[in-house]
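Trainee: I have a new protein to look at today. Could you take me through it step by step?

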Amino acid sequence: MPSTAILPANIPNSILMGAADTLYGVKLTYAPYMMLHFPVLGILKTVALIAIVCWFCPEPMPLNKADTGALGPMSPDEKRLSLILGGSLLLYVTDSLHGISPAWIALGAGILCLLPPIGMIPIKTLSQKLNFVSLIYIAGILSIGAVVADSGLGEAISAKFLGIAHLTPGDTMTNVAAVTAIDFVLTTLTGVTGAPAVLTPVAGHLAEATGLPILTVLMIEVIAFSTVLLPYASPPTLIGLQMGGVKTEPATKMLLALGLVTLLVLFPIDYAWWRLLGYLP
């Protein structure tokens, strides 16, 4: 969840980045995105997450430190990977200077790792073990935004929620709370991964109804899809619970508690932080 505060460390914010550029011409960059989200949704949410996990799922037995042994010198593969990752991070934090999107940087780093001359991944692995299912899944998720925008579904969804919320320009706090609530509902229905593909086409209508800048409405999405209210909404969370042997009931209570902390504690802090940075009038 906290990784959604870093671009492009997670699938949802990568989808948001591509959809925002395609639909509205809004280009998200690494440093401003991190400055806006990481202090609250990254650092403070990590603290809250650790505290809630320890409260709901305590470990009754003391943990024994594993014997990792002495670490030897870095292998050639480790050195090459370190250079690729270090170069990528450098390009991320300086994207406001060179103008290259974090998505292109991530794609370039991935291609470098896959190139046979680099030697990071054996050719047999590419031909026999590459998971094409995940690639098709991500491509399908990315296409949802275009379908929602072009089919008129986005207008229908936004009209329905706008009719319920009765948003009016000028009341910033109420409008931000209403847009956040709408995003939370849609994220719970669509799942975290598919949320930005559905929310982003609707953002234009919400911005028009509230008078908020389109960038602000787009960034409110991050608050929603960085919070998992139910286990099924996040495939990585669901898989992690299964691998860890955590039952659904305590996991659901834990996630709902984190959602409550996000809404009652982190959201007001985030609101004040955004006003300080000038994202809210």
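This is a predicted model: local features need pLDDT of at least 70, side-chain atom pairs count only at pLDDT 80 or more; totals for chains, interfaces and linings use all residues.

Trainee: What share of the residues counts as buried?

Mentor: Of the 281 residues in the protein, 36% count as buried.

Trainee: And how many helices and strands are there?

Mentor: The protein has 13 helices and 0 strands. With a radius of gyration of 21 Å, close to the 19 Å that the globule rule gives for 281 residues, the protein is as compact as a globular protein of that length.

Trainee: What does the C-alpha trace span along its principal axes?

Mentor: The spans are about 60 × 50 × 35 Å.

Trainee: What part of the contacts links residues 24 or more positions apart?

Mentor: Counting contacts with a separation of 6 or more, such residues account for 75%.

Trainee: Why does the length of H11 agree with what one should find?

Mentor: At 1.5 Å a residue, the 12 residues of H11 (residues 214-225) should span 16 Å, and the end C-alpha atoms are 18 Å apart, which agrees.

Trainee: You mentioned H9. How far does that helix reach?

Mentor: H9 covers residues 172-190 and has 19 residues; from the first C-alpha to the last it reaches 27 Å, close to the 27 Å expected. Its buried residues include Asn 175, Asp 183, Phe 184 and Leu 186.

Trainee: What follows H9?

Mentor: Gly 191 follows, and its phi is positive, near 90°.

Trainee: Why does Leu 241 count as buried?

Mentor: Its relative accessibility is 13%, and buried means under 20%.

Trainee: What does Leu 241 touch, leaving aside its neighbours within four places in sequence?

Mentor: Leu 241 is in contact with Pro 231, Val 246 and Ala 251. Leu 212, by comparison, is 29 residues apart from Leu 241 along the chain, and their C-alpha atoms are separated by 38 Å.

Key:
Residues are numbered from 1 along each chain as its sequence is written. Side-chain values use heavy atoms; hydrogens and water are left out. Helices (H or I, at least four residues) and strands (E, at least two) are DSSP runs, numbered from the N terminus. The expected span of a helix is 1.5 Å times one less than its number of residues. Buried means under 20% relative accessible area, exposed over 50%, partly exposed in between (1.4 Å probe, protein chains only). The radius of gyration is taken over C-alpha atoms; the globule rule is 2.2 Å times the number of residues to the power 0.38. Contact means heavy atoms within 4.5 Å.
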